[in-house]
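Let's take a look at aromatic rings in a protein chain. Here is a quick briefing to go with the picture.

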Amino acid sequence: MDLFDDNSSERANLPRNMIENSMFEEEPDVVDLAKDSTTFPTFSPLDPDEVAYEPRSSRLLVRGLGENDLDDEEEDCESSARLLGMSFMNRSSAQRSSSSPYARQSPPSSCFRPSARTMVVCLLVLVIVVSMTMVLCFLPGCTFTKAGCPKPTQGDDDKDVFPWTQFRLPHSIHPLSYELTLTPDLDNMTFAGRTAISMTVLHNTKRIVLHAANLNISKATFKLGDGPARDVTVLEHKTRQQIAVKFEEELKTNQRCVLTLDYSANLSNTYDGFYNSSYTDKDGKKRVLAATQFEPLSARKAFPCFDEPNFKSTFLIKINRKPDYMSLSNMPKAKTTNLSKGLVQDEFEKTDVNMTTYLVAFIVADFTSISKNLSGINVSVYSVPEKKEYTEYALETASKLLDFYNNFFEIKYPLKKLDLVAIPDFLAGAMENWGLITFRETTLLVGKESSPLDKQIVASVIAHELAHQWFGNLVTMSWWNDLWLNEGFATYMQYMSLETVLPDLDIGNLFLDMRFRAMDKDALNSSHAVSTEVNTPEQVEEMFDSVSYEKGASILLMLNAFLPGDQQFRKGIINYLTLYRESNTETVNLWNSLTQFTTQPQNISKMMSSWTSQKGFPLVTVSRKGDQVTLSQEPFLLTSDNTAHSSSLWNIPVTYVSDSCSLTLECRQVFTLESKTGTLNVSESVKWLKFNYRSTGFYIVDYGEKGWEALIGALSSNVSVLTPEDRASLIHDIFALSRLGRVSFHQVINLLQYMSSETEASPVTEALLQLNNIYRLLDKRQEFNLVARMTAYIKRNFGSLMKSQTWEEKQSVSEQKMRSALLLTACNLKEDNCTQQAKATFRQYVDSNGTFRIPGDLQTVVFTVAAQSDEDWSTLFGLYTNAIYDAEKRKMLQGLASTRDAHHVAWILKESLKGKLIQTQEFPLIIRTVCQNFAGYLFAWDFIQVNWDRLIEKFPLGSYAIQSIIKSATSQFSTQAHLDQVQTFFSSLKERGSQMRSVQEALETIRLNQRWMDENLPTLKQWL
Ligand SMILES: [Zn+2]
């Protein structure tokens, strides 16, 4: 999927494609409870909320019983109760109905989330029952049977005990095909379903274990081979979201069987599973729809299934709906028939490919579409009716890209249709469901008149999702530890395809910026290897991060740039896709496929493993004596306690150019640095060397004092001696080295002296981003004197560039990028020309009543300036409420959130979490924007702490949304007091988030800020 984070110059500028789907309601789980009882207690049956509110003493009491025993006991107690009198499913339906405060509509009779008092009473009863049971069991001659005694006598087969104890499903049964029938009720926000799963037995077994979450199963039948269908009992493990059927007789290898389950559930009120969404149409009427978001672990919320990526099978889907809606699914519609009670049934063709559960999708809505036939494939773009005029660009772009990929991969897109659908309420950027890609409205809809920057976002996300139709859909990673095989590849392909298909979009700069941000994150000790172990739902969510996406893409670029010509890489991946078509792979399969097609003496597999199996990346230090250049490598780790990783070695394809030839690919020399140090020879007449040509390698270079001086000297006499990418990478690297303590900030300032003659976007935006980061740190520390000096410094060095910007429409993406970064900084520093021009532009926009358009790249700066006055803030909010075009609407929201007014800050945070006036999907953006100002950042941090439970109800623990919220709220702290506060808060969360990697990252970042301040504050004055 596409993680959406299009925040422009401030931070990672990524059209990141990932799924930030909604949330889990379960506490984290483990692969093997027996093996890893330290990470997560094996005590599992409590609902996470119960854990949160339950008095400490009672929990200790329960835990005191002994963990492993308790697991079984609890299972028994639960199942036994369920079996009393009624079918387990009926009761469980009552149990499940959620009464969360966020429910868009809560159904009646819910005891799934009882009140705190009820829970305490329940727990006490539970403890008493368990204790009594144990006592009775140990009494000699216990005569209790199954209902009362879990393991009473030998020979009883414990038929109520859940037969599986692991996070991953057993592999004795494999699904072959699913037949799903779903009847969503959009009036009551519920749905009914029937799922029939045909399976084959791979190994003799007495159980079938699969996933289901929050489904109220009312009937279950089982049919073995040609035998009769019979009713079976379904057991459930709620925490692990698993269900199971046990059999007296073993199912034998190669037998076929069918399990059919009838169930009902509520449409989810978060952003995952089968969820309800709504929007207000142009007549002010509320319209509802239902859509799905299953990646990574939410298909189980819509239908019982083997919800792991390597259980591929086929799907036949039927949707029962009211005639005034339409429905969509992965495949084309086969037929529509009339049912009773005024419903009709859409039956979709059976998938002609084996696919994994997270790619299944269906939508019931009243959308309209435009279509195009592209050599037998029907491509359509769907939207709500009033936004149809914004769909054309997406249709054109998708058609071009589909054509490109069909040729590039030499494997034709395998389905007959491809739908791209804009969903009004959607958290991720987009999701690559096979044949039915879903998008946020901002990532799919764009007007013909819109700015090229808006089009760049849309084209990037489409390119990413289309690449997934091969990488991810056709060939899928075996498990989430190798998510990068999906996401790194789709991210790399999105840039590569757009460079060819839409060169005007200047996608190369976006990719460059993305690589810098990926390194910034990977330089932390809390980072992880590209391919890393994943054992809990939370860890699955956390894989959707910049390492899987951006570092994954960066190392693919590095490899492709290293291989000679442009065909070896391509032939290698065609080989990989062909070999593993419709099946699953691991990282090693990719490297082996590529190795077969390369002429390099290096073993590609060995080389690339050094980049995927260890975290971080290398710092290459250059020292030169006459004609001899010595290169040495070490991990670039910002945190000083790097002893554990100092042995890391990478196989680095080092590239370099020199003053004799520096601009074209022909100038580039390659040297493979495999060991700690290496030596190369250059002519004594060479004045300077620039390593990492065009920054295609994932490493940072330190040139030593003399090396830096030579480069700085060369740039100040002629900017064009290096490519813009090389200039930007010098800026990125020198700031990183200064953060590491390798070069002084004075040296940074020396390099930046050439900036007034800079003409290209990427060096300017990189320098501004780095300086703004420091500016904000100083501002948050209320170092007013230094803030004033920093302001003066930026104005002095970038003043002429700022002044040369015009406010009219511009066509070049790179000019727009540079202009928007410069003017945002200028207006933020209250540069008079800028703020006056922005105010006048806003006035003109308001007065024109919709006839005057603010150029797309200037909207954020204009709305941000306007939002600083009370009156215009209200005007802007009015405009926001009535705006239809989402890209513009989002920039208005950024403006509103940039307010320095405490009341407005409080209001906007509250409203965006509430989700009525401002969609909750925008909450991470609001937090990020609010935190940029002094007025907002402390308030936002408090808000997050107070509302944590509500937040993780909306966004799953570990998800990209949560990662982004934590980072925004904490990354500007630089004092011990704040460090303590952040540490105390997160450790108090326990299973509600204390284990997240983003927490480690936050703490590490604060410590680094603290260190940087301690080292640089005293001398910063003299440097500025
Ligand atoms: Zn993706």
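What follows covers ring pairs first, then charges over rings.

This is a predicted model, where local features need pLDDT of at least 70 and side-chain atom pairs count only at pLDDT 80 or more, while totals for chains, interfaces and linings use all residues. Residues are numbered from 1 along each chain as its sequence is written, and side-chain values use heavy atoms, leaving out hydrogens and water.

**Ring pairs**

- You'll find 55 aromatic pairs here (rings of Phe, Tyr and Trp, using its six-membered ring, with centres within 6.5 Å; planes under 30 degrees apart are stacked, over 60 edge-to-face, the rest tilted).
- One of them joins tryptophan 941 and phenylalanine 985 edge-to-face, with 5.6 Å between centres and 85° between planes.
- That pair links distant parts of the chain, 44 residues apart: tryptophan 941 is in helix H27 (residues 934-946) and phenylalanine 985 in helix H30 (residues 976-989) (helices are DSSP runs of H or I, at least four residues, numbered from the N terminus).
- Phenylalanine 985 also pairs edge-to-face with phenylalanine 986, at 5.0 Å and 65°.

- Tryptophan 941 counts as buried because its relative accessibility is 1% (buried means under 20% relative accessible area, with a 1.4 Å probe and protein chains only).
- Phenylalanine 985, at 11%, is buried, and phenylalanine 986, at 3%, is buried too.

**Charges over rings**

- The charged end of arginine 515 sits over the ring of phenylalanine 511, 4.7 Å from its centre (NZ of Lys or CZ of Arg within 6 Å of the ring centre and within 35 degrees of the ring normal).
- Lysine 780 has its charged end over the ring of tyrosine 937, 4.7 Å from the ring's centre.

Conventions
Helix = DSSP H or I, 4+ residues; strand = E, 2+ residues; numbered from the N terminus. Buried < 20%, exposed > 50% of the residue type's maximum accessible area, 1.4 Å probe, protein only.
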